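Student: I would like to work through this model with you. Can we take it step by step?

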Amino acid sequence: MSDSPEVLHERREQRLVLALLAPALAVVALLMIAPLLWLAWQSIRDADGFTLAHYGRFLTDGIYLTAFLQTFRIAFIVTAAALLIGYPIAYVAAHATRGWQMLILATVLLPFWTSVLVRAYAWLILLQRRGIVNSMLIKAGIIEQPLALVNNEFGTIMATIHILLPFMVLPLFAAMQKIPPELKMAGSSLGGQPGFVFRHVYLPLSVPGIVAGSVLVFVLTLGFYITPELLGGGRAFMVSMLVARNIEIYHEWGAASSISIVLLVCVFLIFKLASRLIPFDRIMGVR
Amino acid sequence: MRNLSSTRIALYAFTAIAMIWLMVPILIIAPMSFSSARFLQFPPPGWSLRWYQSLLGDPAWIAAGRVSLIVSVSSALIATVLGTAAAYGLNMARARLAGALQVLLLLPLVVPIVITAVGIFLIYANIGLLATLPGLILANVMLGMPYVITSVLVGLRKFDPAQEMVARSLGMNRPRAFFAVTLPQIRPSVVSGLVFAFISALDETVVAIFIAGGENQTLTKKMFTALRDEIDPTIAALSTLLTAASFLVLAIMSLNLRKR
């Protein structure tokens, strides 16, 4: 029995699809999937076999809970601040003339193309005790003693917002550009005050941008390592540092694995929840 | 005449301040790097090239720079080839399969980088790729591929597949039709994917902290270690060079996009 030419053609197409995808999938399978499965496996094993002790420490060892709470709090603050700063920027850019639009987007994008380490370093220079900000404030007579702006949560949050702001502005800008200007005019021609029109017409239409930007910023902050390590001075202790310490100093693979898995589950849940509002590939900017 | 309500003025003022806040950290580094002072001071008391001399005269920094360059160039090229093939495949695949595979291929962007780093460390420790160049390149291929895939997929969605069909019905085989018809049209997306992958590899730090070592220390790993110990203006010189390099790459890319 032979298949029709269409079926054969279709099969050949699908084989080609797989052949084209195979190398990329192999890399991801080796360096991403296999390690995650391995971490999951290790998180429930110790020398004697199966154990839940690594997860039990979330309830007994205070530092686990503290790190997670602090990380989520920082991620929340960073996301809220990025939204508050990013929304007006995206709004102005979306409604500006072409020249201004280019300028605003360039200012948002140039930091994006600058190394994260370079920017962490710049914030260190700006915020340290004898740094630029403190010496300017003292010269201006606003403060007498230098403020502790870095080596704490404040410095970490400041630099993190700076690094992640583009991930907020770009989705917002994309969403706002899709809002037809006629809608706003229609709203006001029907007698809506500008504030009313904004709240009831514009804001709801920009929600996809708000969701995409907030999810990206929140999730990226959850996994941040460089910034809290360099600018936190040990006082912004985040989950990623807990993972790193467990490996570098204590060689505690079980502990590091269980923390990783819990963090990963949190991240996946956030994406899952967000994808009920807008599709995953739209969050990631593929569409 | 456009009327400037107070809301509008507040909005513009806020945006202007935010733009300054975005640019200041990038703009202060270059003047610091030309400072003659032994410690970081702003404004610098005098000018000199001593920090560039101390950077370029140090074999350890040069070696790290070499490793970073090799790793980012080769991983960006490999990621572009694999990523473009994958994007082309995804674009052809049935919707359901494509959706699932796309999530899988974009995982490196989603999984927190520390977890990725720990995972790669685990695998490499077992197959002997720790502190090796191929290991570093392979890791950056994985991290760079999602950028290429995303960028090329956007390009392919704008491309009319009928053109490739026409070329094939005129007798070209599939690979020839791809290289002669499709690739030139999606070239800008491929190039931006390549640039993204290159810059991401040049900037990658967390994975390097875990898996780079010995002679194969990357610039970012060495810089991170230096920043943890002490911050002297050598780092400012390096930062200025790195920033200049990424802006240069960006400028080349935007020229390339405009040429079309």
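Tutor: Start with a term: accessible areas here come from the Shrake-Rupley method with a 1.4 Å probe. Keep in mind that this is a predicted model.

Student: What share of the accessible surface of chain B belongs to carbon and sulfur atoms?

Tutor: The accessible surface of chain B comes to about 12,100 Å². The part that belongs to carbon and sulfur atoms is 67%.

Student: Which pattern does chain B follow along the sequence?

Tutor: Chain B has 11 helices and 0 strands. Its C-alpha trace spans about 70 × 70 × 30 Å along the principal axes. Read along the sequence, the pattern is α-α-α-α-α-α-α-α-α-α-α.

Student: Of the contacts in chain B with a separation of 6 or more, what percentage joins residues 24 or more positions apart?

Tutor: Chain B has 260 residues, and 53% of them are buried. For the contacts in question, residues 24 or more positions apart account for 68%.

Student: Which residues make the nonpolar surface patch of about 340 Å²?

Tutor: One member, Leu49(B), is found in the loop between helix H1 (6-33) and helix H2 (50-56) of chain B. The patch is made by Leu49(B) together with Phe34(B) and Trp47(B).

Student: How far apart are the mean positions of the positive and negative charges of chain B?

Tutor: Chain B carries 19 positive and 9 negative charges. Their mean positions are separated by 15 Å.

Student: Is Leu156(B) buried or exposed?

Tutor: Leu156(B) sits in helix H6 of chain B. Beyond its neighbours within four places in sequence, Leu156(B) is in contact with Ala87(B), Tyr88(B), Asn91(B), Thr182(B) and Ile186(B). Its relative accessibility is 3%, so Leu156(B) counts as buried.

Student: Which residue of chain B does Ser240(A) touch?

Tutor: Ser240(A) is in helix H12 (residues 239-248) of chain A. It is buried, at 1% relative accessibility. Leaving out residues up to four places away in sequence, Ser240(A) touches Gly223(A), Phe224(A), Tyr225(A) and, in chain B, Val114(B).

Student: Where is Ala131(B), a residue other than glycine with a positive phi near 60 degrees?

Tutor: Ala131(B) is partly exposed, at 32% relative accessibility. Its place is the loop between helix H5 (113-127) and helix H6 (133-158) of chain B.

Student: Why does the salt bridge of Arg174(B) and Glu13(A) join two chains?

Tutor: The two side chains meet at 2.6 Å, N to O. Arg174(B) lies in helix H8 (residues 174-203) of chain B and Glu13(A) in helix H1 (residues 5-43) of chain A, so the pair joins two chains.

Student: Which residues are linked with Arg174(B) in a network of salt bridges?

Tutor: Arg174(B) also forms a salt bridge with Glu164(B), with the closest N and O atoms 3.9 Å apart. Arg174(B) lies in helix H8 and Glu164(B) in helix H7 (residues 162-169) of chain B, so this pair ties together parts 10 residues apart in sequence. Both are buried. The network links Arg174(B) with Glu13(A) and Glu164(B).

Student: How many residues apart in sequence are the parts that Arg73(A) and Glu153(A) tie together?

Tutor: The side chains of Arg73(A) and Glu153(A) meet in a salt bridge of 2.5 Å, N to O. Arg73(A) lies in helix H3 (residues 62-95) and Glu153(A) in helix H7 of chain A, so the parts tied together are 80 residues apart.

Note on methods. Residues are numbered from 1 along each chain as its sequence is written. Chains are lettered from A and ligands numbered from 1 in the order in which they are written. Side-chain values use heavy atoms; hydrogens and water are left out. Helices (H or I, at least four residues) and strands (E, at least two) are DSSP runs, numbered from the N terminus. Buried means under 20% relative accessible area, exposed over 50%, partly exposed in between (1.4 Å probe, protein chains only). Contact means heavy atoms within 4.5 Å. Lys and Arg count as positive and Asp and Glu as negative; His and the chain ends are not counted. The place of a charge is taken as NZ of Lys, CZ of Arg, CG of Asp or CD of Glu. Patches are made of residues with over 30% relative accessible area and no salt bridge: like charges are joined within 9 Å, nonpolar side chains (Val, Leu, Ile, Met, Phe, Trp, Tyr) within 5 Å. A salt bridge is a side-chain nitrogen of Lys or Arg within 4 Å of a carboxyl oxygen of Asp or Glu.
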